[in-house]
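Here's a quick briefing to read alongside the model. Have the structure open and follow along.

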Amino acid sequence: MRNVKTVAFIVSAAALLSACSSTKLQETPVVEKTPVAQTTPPADTSRDIRPVETGTVDPLNDPKGVLANRSVYFDYDSYVVRDDGKPVVENHSAYLTKHKERKVLIQGNTDERGGTEYNLALGQKRAEAVRKAMVALGVSDGQLEAVSLGEEKPKATGSNEAAWAENRRADIVYQ
Amino acid sequence: MKKLHTLLFSATLLMGVAAHAQVRVEIAGVSGTQIPVAVAAFADESVAPDQVSAIIRADLERSGVFKVIDARQAISDTASVDLGAFKASGADALVVGSVSRLADGRFQVRYKLLDTVKQTQLSQLSDAVSARNTRLEAHRIADDVYEKLTGVRGIFSTRISYVKVNPSGGNHSYELVVADADGENEQVAAYGRESIISPAWSPDGTKVAYVSFEKRKPIIYVQNLVTGQRAIIANEKGSNSAPSWSPDGTRLALSLSKTGNTQVFIVNADGSGMHRLTNGNGIDTEPQFSADGQSIYFVSDRSGGPQIYKMSVNGGQPTRVTFKGSYNISPRVSPDGKTLAWISQRDGVFSLYAMDLASGQEQRLADGATEPSFSPNGKYIMYANKGGGRASLAVVSVDGRVKQRLSTQAGNIKEPSWGPFMK
């Protein structure tokens, strides 16, 4: 930019001078230095370091991964894994067959209605259904323990169908 | 590891003083015919820390079988009494007594039960008790009055056990509590962050079996109430629950899911000799020894929904006991073996029923009920009240007439177990 302006000035100065050839003295053009706006220089990244994580990240700990979902839900009076629970069973079964040193507790739950001990037995049926499904997908027996919490640890409080549905559930808990 | 548990879950020794909110008992129903009994204040009873006559009066009233008349005066056991006047005022019997402080700091409590009609003495007691035990002595006197006038042993000096749930209670979120039958004297036997269910007193009243979820699965413990020592009776693969003592205290029946489905097992009181009893393909649970220790009542869903069955403790074919309704659980047998109490769901409501085992005749006793427990004299059943709001306990007499409600100011109380007669 500076060069263009300098040339422009010289040309105009020359034009001015040629226009005034009868004058006695040739004035020396004064080159005024006008302040030129500063432009951002390109970033110098030559000293930045990009970190690298060594080893593979355990997919179990990824809060956005499929293994973050560890609950299988059941219909009222039912101990059959619904279609919407099958991906949970499949994903964790796949992980456990690859990681034979990992063990899980499968905790079955019921909603609050009914007797404490009978509900413990019903919760056990839910845990057992998930356990059997995982064994069928190749997980070894020693990695799984099906237990029941019955109605003792509800995830949702309230005496309504929404809360009850949330509590009819088996959870996969890594040991 | 066991030692650590003993430290973490140490029992409050019986010497300790209870520091918890007490349980309130409200009377909501009384017997059809009531025996009118006048109770006098005991002479000098203010020297003792507990007002003996007031405890006796409250016990007799709570039983529902007495119309308690306040004699409105103190009458010593040594005083001569105008029994005719008391008969005229409507009392069939009169309770009198005295309390005196002994040189060693104990108290001598004397009492007499007088028949106003026959004008004779029916009973008397005289005991030296510690300050702390004046309350227990009052209960013993009330038991004596009850027994002499009804022919049935009283339960006022027995204890009850239940689970208290304290929301945001930290490491006291769940407490296994022991209290007097009137709700007084609460003491915490075990406490922690995870649930405790199914407490069961040993027949001699020194131990309690219970299911704890402290290891993220149900495990059965037996704890000595006095020493605080506890042992794991069953921690098999899967769930371990529903402990029930044999009448002689040598064995427990339990529910285990170790074979894949929940089944009834028998084990010695020290955890040895575990063997399977039932052979169902579904759920067999909630075992209860019969009064003679020869049979086990239990819940099975082998016919579809849960029903109550009975089988020999030595094995064999079970016979079905309940036939009405599609959901019958929680069998409990009266100490004399004649009555079965259980929970039946009919038309969506969970109700307490009692059946005369000889005739099969059943009677509905209470609605909104689960977890029944017989008093040791077989006359009352304590149960958990699940209807809306805070969980509480209630008592109903076996004939359905007498009703009591036990509630606590804070927290929920549930899972009751009525303790045995103590020597």
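**A hairpin to start with**

Strands β28(B) and β29(B) make a hairpin with five residues between them, and Gly400(B) in the turn has a positive phi of about 85°. Helices (H or I, at least four residues) and strands (E, at least two) are DSSP runs numbered from the N terminus, and two strands pair if DSSP finds at least two bridges between them. Keep in mind that this is a predicted model, where local features need pLDDT of at least 70, side-chain atom pairs count only at pLDDT 80 or more, and totals for chains, interfaces and linings use all residues. Residues are numbered from 1 along each chain as its sequence is written, while chains are lettered from A and ligands numbered from 1 in the order in which they are written.

**Around β28 of chain B**

- Six of the six residues of β28(B) (residues 392-397) are buried, so the strand is largely enclosed by the rest of the structure. Here, buried means 20 or more other C-beta atoms within 10 Å of the residue's own, exposed means 12 or fewer, and partly exposed is in between, with C-beta atoms placed from the backbone.
- In a regular strand the side chains alternate between the two faces of the sheet.
- Both faces of β28(B) are covered: Ser392(B), Ala394(B) and Val396(B) are buried on one side, and Leu393(B), Val395(B) and Ser397(B) on the other.
- On the β27(B) (residues 380-385) pairing, six bridges join the strand to β28(B), and the two run antiparallel. Ala384(B) has Leu393(B) as its bridge partner in β28(B).
- The pairing of β28(B) with β29(B) (residues 403-408) is also antiparallel, over four bridges. Look for Ala394(B), whose bridge partner in β29(B) is Arg405(B).

- Another hairpin is made by β12(B) and β13(B), with five residues between the strands and Gly228(B) at a positive phi near 80°. Four bridges join β12(B) (residues 219-224) to β13(B) (residues 230-234) in antiparallel fashion, and Val222(B) has Ala231(B) as its bridge partner in β13(B).
- There's an open sheet of four strands in chain B, in the order β14-β15-β16-β17, with antiparallel pairing. The edges are β14 (240-245) and β17 (275-276) of chain B, each with a single partner strand, so one side of each is left without a neighbour in the sheet.
- Two bridges hold the antiparallel pairing of β16(B) (residues 263-268) with β17(B), and Ile266(B) stands opposite His275(B) in β17(B).
- For a parallel pair, go to β2(B) and β3(B) (residues 66-74), joined by six bridges. Ile35(B) stands opposite Phe66(B) in β3(B). Strand β2(B) (residues 35-41) is mostly covered, with five of its seven residues buried.

**A helix and the domains of chain B**

- How far apart are the end C-alpha atoms of α4(B)? They are 24 Å apart, which agrees with the 24 Å that its 17 residues (134-150) should span at 1.5 Å a residue; the expected span is 1.5 Å times one less than the number of residues.
- Helix α4(B) is mostly covered, with 13 of its 17 residues buried. Gly151(B) follows α4(B) and has a positive phi, near 85°.
- The domain assignment of chain B gives domain 1 (2-17 + 159-418) and domain 2 (35-150), with bounds from an automatic or database assignment. Taken over C-alpha atoms, the centres of domain 1 and domain 2 of chain B are 35 Å apart.
- The contact between these domains takes five residues from domain 1 of chain B and four residues from domain 2 of chain B. Contact means that the C-beta atoms of two residues, placed from the backbone, lie within 7 Å.

- Chain A has four helices and four strands, running α-β-α-β-α-β-α-β from the N terminus on.
- Buried residues make up 30% of the 175 residues in chain A.
- Chain A averages a pLDDT of 83, and 77% of the residues score at least 70; pLDDT is the predictor's confidence in each residue, from 0 to 100.
- Over residues 18-27 of chain A, pLDDT stays under 50, and the model has one contact beyond four places in sequence for them. Where pLDDT is low, the predicted coordinates should not be read in detail.
- Across the interface, 17 residues of chain A are in contact with 27 residues of chain B. On the chain A side, α3 (116-136) and β3 (144-150) each supply at least two residues, and α3(A) gives the most, with seven residues.
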